[in-house]
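Colleague: I am new to this model and would like a close look at a single part, described carefully.

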Amino acid sequence: MEKIKLSLPAMAEYTTTLRLFVSGVATRLGLDVERMEDIKLVVSEMMIMSIKDEMDLFEMSIKVEEDALVIKAAVSKDAKDDMSIKIMEALADEIDIKGESIRLKFIKEK
């Protein structure tokens with residue numbers, strides 16, 4: 001198991017960098033292209049939530065497990081984030097929201 005921490009300025013200009021980084025990690029796990037696109041969309045939504053909430057930094061941790069990718073980010077959720085949350089619920093295998101933390105799990109299909 002590997003654990004990676006990433007911290008970027010909460011600015012739209014870093015969204016592409018975030019998406020490329022996460023897809024590289026997902027590739028190491030052996031996820032298919034469609035699944036990687038889901039993950040890239042979800043982390044983009046997390047970044048958007050951070051930008052809307054005017055946070056200075058977007059901080060995320062990624063845990064690479066044997067058969068799954070677990071992504072956790074600190075964001076403050078409010079009513080304006082409902083669409084982002086719905087997207088995450090539709091694409092992630094598991095979602096857990098506690099306070100200002102969102103945890104998503106993407107399981108590798110066998």
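Colleague: Is the crossing of helix 1 and helix 2 left-handed or right-handed?

Modeller: This is a predicted model, in which local features need pLDDT of at least 70 and side-chain atom pairs count only at pLDDT 80 or more, while totals for chains, interfaces and linings use all residues. Residues are numbered from 1 along each chain as its sequence is written, and side-chain values use heavy atoms, with hydrogens and water left out.

The crossing of helix 1 and helix 2 is right-handed (clockwise, the near helix being turned from the far one by less than a right angle). The two helices pack at about 145°, with axes 9 Å apart (lines fitted to C-alpha atoms over the stretch in contact, with angles from 0 to 180 degrees between N-to-C directions). At this contact (heavy atoms within 4.5 Å), the residues of helix 1 include Leu18, Val22 and Ala26, and those of helix 2 include Ile39, Val43 and Met47.

Helix 1 itself covers residues 15-29 (helices being DSSP runs of H or I with at least four residues, and strands runs of E with at least two). Its buried residues (under 20% relative accessible area, 1.4 Å probe, protein chains only) are Thr15, Leu18, Val22, Ser23, Val25, Ala26 and Leu29. Seen down the axis of helix 1, these fall within an arc of 160° (taken from the directions from the axis to the C-beta atoms), so they line one face of the helix. What covers them includes strand 1, helix 2, strand 2 and strand 3. On the other side of helix 1, Thr16, Leu20 and Arg28 are exposed (over 50%), and after the helix comes Gly30, whose phi is positive, near 90°.

Methods
The expected span of a helix is 1.5 Å times one less than its number of residues.
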